[in-house]
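Please read the points alongside the sequence and the coordinates.

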Amino acid sequence: MTNQSDTSAASSFGLPAGVTAGVPAGLTEPEAIARRNAGAGNTAKLQTSRSYRQILQENLFTVINTIFFAISLVMFRLGRFSDGILVVIVIFGGVLVNIYQEIWAKQQLDRIALLSRPKATVIREGKERLIDPSEIVLGDILLVHPGDQIVVDGQLVGNGRMEVDESLLTGESDLIPKHTDDPVYSGSFCVSGTACYEAQKVGVDTVAYKLMSGARVFRRSLTPLQVEINVVIRIFMLIAIFLWTLVGISFLSSSYSANEIIQRFAVIAGLVPAGLLLAITLAYGLGAVRMVGQDVLIQQSNAVESLSNVDTLCLDKTGTLTTNQIHLQELYPIGMGEPELRELLGDFAANLSTSNRTSEAIAAACPGKARYLKAEVPFSSARKWSAVAFDDVDRRGVYILGAPEVVLTTTGLISPEMTEYIQAGVEQGLRVVLFAHSPEPTAIQPDAPHLPADITPLGILRFSDQLRPEAYETLEGFAQAGIRVKIISGDNPQTVAALARQAGLGAEISVVSGAQLAQMDEAQVAQAAQTCTVFGRISPEQKAMLVRQLRKAGCYVAMIGDGVNDVLSLKQANLAIAMESGSKATRGVADIVLLKDSFGALPRAFLEGQRIRNGIQDVLKLFLVRTFCVTLLIFAVALVTDSFPLQNKQSAIVALIGVGFPTMCIPIWAQPGLLPRRSMVRSMLHFVIPATLSLTLVSLLVYLFYLVVAVLDLPPGATLTQVNHAIPRSALVAILVMGELLLIPFLKPPTRAWVGGERLSGDWRYSIVALLLLIMYLVIVAVPPLRRFFELYPLDPLHYLFIGLVAIEWCYILRLIWRTRFWIDSWALICGNGRL
């Protein structure tokens with residue numbers, strides 16, 4: 001325990017005396033420094049991204065890298081040093097690039113994390129100070145407000161009270177009341193009330209340390225795109241294992257040399273698209289950096305791409321749709337004059353230990369003075385009311401402020417005129433609350449808060465809250481993108497509906513209240529979640545239930561929140577978005593934080609998500625065509641000629657020039673665009689299947705043609721085993737490289753002449769890259785040392801011209817297949833259902 005003098009100076013803390021009574025003045029700065037030097041500081045670091053060791057381990061020690069490493073060692077052993085070096089350069093060169101990209105992304109994420117790092121309010125020498133949690137030491141006195149995260153373990157001191165959400169630790173969402181001497185744990189957060197606690201466990205000794213470390217970055221919530229890519233990589237791995245098994249069997253049952261077998265193992269290993277992960281990492285890193293400049297803070301690396309999958313957007317009204325700048329617009333006194341009502345309201349607001357936007361608006365319009373506070377019930381979203389109990393001579397009893405329909409359940413003293421006044425305010429989109437009184441100060445118990453039975457209404461208050469200027473345009477943008485918007489609020493349903501209409505959600509809005517939801521069974525709740533647009537007087541638990549029902553129905557849900565009452569629903573959503581001005585707890589569980597409360601930045605973030613997804617989809621198309629084409633060629637050549645189509649170095653040059661280098665540019669230059677609401681792989685089949693089958697057939701014919709040429713060039717008396725396979729293999733490399741490079745303009749058509757498998761892009765950069773890579777290939781075949789390194793046969797220039805003409809003819813055939821949809825019609829005929 002601390003040894004400071006018990007100088008609880010309420011005025012120093014800027015809080016009502018009821019909160020700070022009995023609170024020590026805190027440590028002095030020399031005491032704090034001494035304890036930190038003695039190892040009693042909160043110095044345990046919470047990682048904001050993967051460590052350097054994890055990045056190295058996850059990139060180096062993979063199954064495919066282990067296989068390539070073993071292959072390179074065997075090649076060195078067999079004296080094929082150039083092959084071994086090529087494996088090291090190509091594979092581990094890509095790994096090094098990937099490591100560099102991830103370290104760069106880690107450093108960016110670490111810098112970004114500093115922008116939203118939670119702060120702690122500590123009391124030292126009788127004064128409040130805002131410090132970094134790492135500066136906390138044992139014995140510090142910390143002050144907690146609603147929405148603040150409890151950053152170290154401790155024990156409440158003083159007379160403050162609060163309700164704590166420990167769901168991040170226990171999984172239970174029930175609020176836990178905390179009083180003097182009760183323990184509090186890091187990882188929980190204050191929902192209502194204000195209190196002080198003494199730090200008793202810091203750093204690695206805290207209960208929640210292991211849960212909190214990496215809770216943000218290492219929450220592996222994969223997007224549909226990531227799930228599909230993982231499936232694709234697993235399929236390629238299974239294909240590779242199957243082919244390795246066949247090659248192993250052929251080694252045991254035939255006369256192939258160890259050198260030939262290792263060559264084939266290396267070519268098959270190259271079928272696994274390891275470079276695809278590099279492209280994804282690059283796309284995510286670029287997206288995060290781009291969004292920082294758009295006032296969007298990315299706390300999960302895949303969050304922006306995840307946004308492109310969203311089809312249902314749930315948001316709160318206050319602080320999201322509106323600016324949360326609440327003003328007291330009008331008073332309706334009941335049984336007294338307006339001056340007297342203002343005085344009562346001023347005293348009510350001046351003695352609250354926990355303020356919110358509503359009480360701050362009252363305090364700004366109605367000044368009051370401190371009274372003897374006997375008891376207090378802070379406002380909570382679940383109760384929908386707050387109360388204070390005075391026991392002064394001239395101010396006695398319980399004063400209650402809350403939602404009219406909640407407070408009026410215990411009183412019938414409301415006239416038709418008052419009801420009409422309340423309804424008129426609601427229909428204007430105003431926040432309407434009721435102020436009431438009960439004469440007995442002991443009528444409320446903070447430990448078990450319930451409304452008193454004898455309540456007399458004193459007045460009705462109307463508050464205005466301004467719509468965000470960008471709200472209309474933002475919601476219209478989401479509507480055009482096919483995203484449904486659900487407004488889930490704790491305010492009156494009709495108030496929320498009126499604001500929704502002002503924001504442009506349409507005149508016909510279906511509305512449901514929390515009370516109505518409470519009467520529904522699970523099937524009815526699921527139906528309401530799908531069909532209704534506005535949900536009012538909703539509790540935090542009901543918010544989470546609605547999000548859960550939407551996800552259960554197959555929706556990809558984003559939830560935007562700013563208050564502590566939104567935390568439960570944020571954790572249930574596929575994508576959690578928080579406002580910068582929101583509570584620390586809300587920002588802590590969010591995947592995306594909107595800096596400067598930039599609600600209008602969401603459409604830009606959505607476009608960035610489309611850009612990332614489109615870029616990765618384009619990369620995947622090239623990988624699929626190349627991998628399936630080489631796989632089919634391996635089977636076809638083995639079936640027709642009992643040989644293997646490529647050597648290791650030849651396969652490497654096809655992979656590097658045809659896929660590797662282009663995929664470094666595609667994620668950077670990708671453009672946003674609407675995406676099909678179906679499986680990504682299925683949406684790519686119209687491009688991949690015709691390109692793969694036609695390129696495989698043309699490549700096989702070229703290979704066989706030049707194999708015949710090589711056979712005809714045999715001297716008299718020579719056997720087929722003496723055929724120079726370098727000739728057909730070099731021709732095969734040429735047609736594969738040219739074919740893959742010609743796919744790039746088809747992927748991003750610069751003119752209408754290239755439109756076939758994809759829509760017109762008009763972007764010439766991709767075609768220019770393809771042309772430069774073609775020149776690079778021609779340089780390699782023209783320079784003898786480079787040609788010999790890649791084991792390419794020196795074909796006559798006329799042969800390259802012939803192969804080029806074949807490739808161009810293939811382009812015309814492929815474009816015709818795409819434009820006539822011949823393959824789709826044939827597939828539909830086979831399936832008998834008229835569609836793919």
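1. Ser651 is buried, with a relative accessible area of 5% (buried means under 20%, exposed over 50%, and partly exposed in between, with a 1.4 Å probe and protein chains only). Ser651 belongs to helix H26, residues 648–660; helices (H or I, at least four residues) and strands (E, at least two) are DSSP runs numbered from the N terminus. The C-alpha atoms of Ser651 and Arg264 are 9.9 Å apart, although 387 residues separate the two along the chain.

2. On the basis of the work: this is a predicted model, in which local features need pLDDT of at least 70 and side-chain atom pairs count only at pLDDT 80 or more, while totals for chains, interfaces and linings use all residues. Residues are numbered from 1 along each chain as its sequence is written, and side-chain values use heavy atoms, with hydrogens and water left out.

3. An open sheet of six strands runs in the order S10-S15-S14-S13-S12-S11, with antiparallel pairing; two strands pair if DSSP finds at least two bridges between them. Strand S10 (327–333) and strand S11 (373–377) are at the edges, and each has a single partner strand, so one side of each lacks a neighbour in the sheet. On average, neighbouring strands of this sheet are turned by 20° against each other, direction ignored. Within the sheet, S14 (residues 431–438) and S15 (residues 456–464) form an antiparallel pair over seven bridges, and His437 stands opposite Thr456 in S15.

4. Two residues deserve a look at their backbone. Most residues other than glycine have a negative phi. Asp181, in the loop between strand S5 (175–178) and strand S6 (183–184), has a positive phi near 75°. Arg537, in the loop between strand S18 (534–536) and helix H22 (540–552), has a positive phi of about 55°. Arg537 counts as buried because its relative accessibility is 16%.

5. Which residues make the nonpolar surface patch of about 710 Å²? Trp764, Ile768, Leu771, Leu772, Ile775, Val779, Val783 and Leu786 do. Helix H30 (residues 765–782) gives the largest share, five residues. Ile768 is in helix H30 and is partly exposed, at 46% relative accessible area.

6. The structure holds zero disulfides, a disulfide being a pair of cysteine sulfur atoms within 2.5 Å. Cys190 counts as buried at 0% relative accessibility, and Cys811 counts as buried at 8%.

Notes:
Patch = residues over 30% accessible without salt bridge, like charges linked within 9 Å, V, L, I, M, F, W, Y side chains within 5 Å. Areas by Shrake-Rupley, 256 points an atom, 1.4 Å probe, with all protein chains shown as cover. Salt bridge = Lys/Arg side-chain N within 4 Å of Asp/Glu carboxyl O. Axes fitted to C-alpha atoms, helices over the stretch in contact; angles between N-to-C directions.
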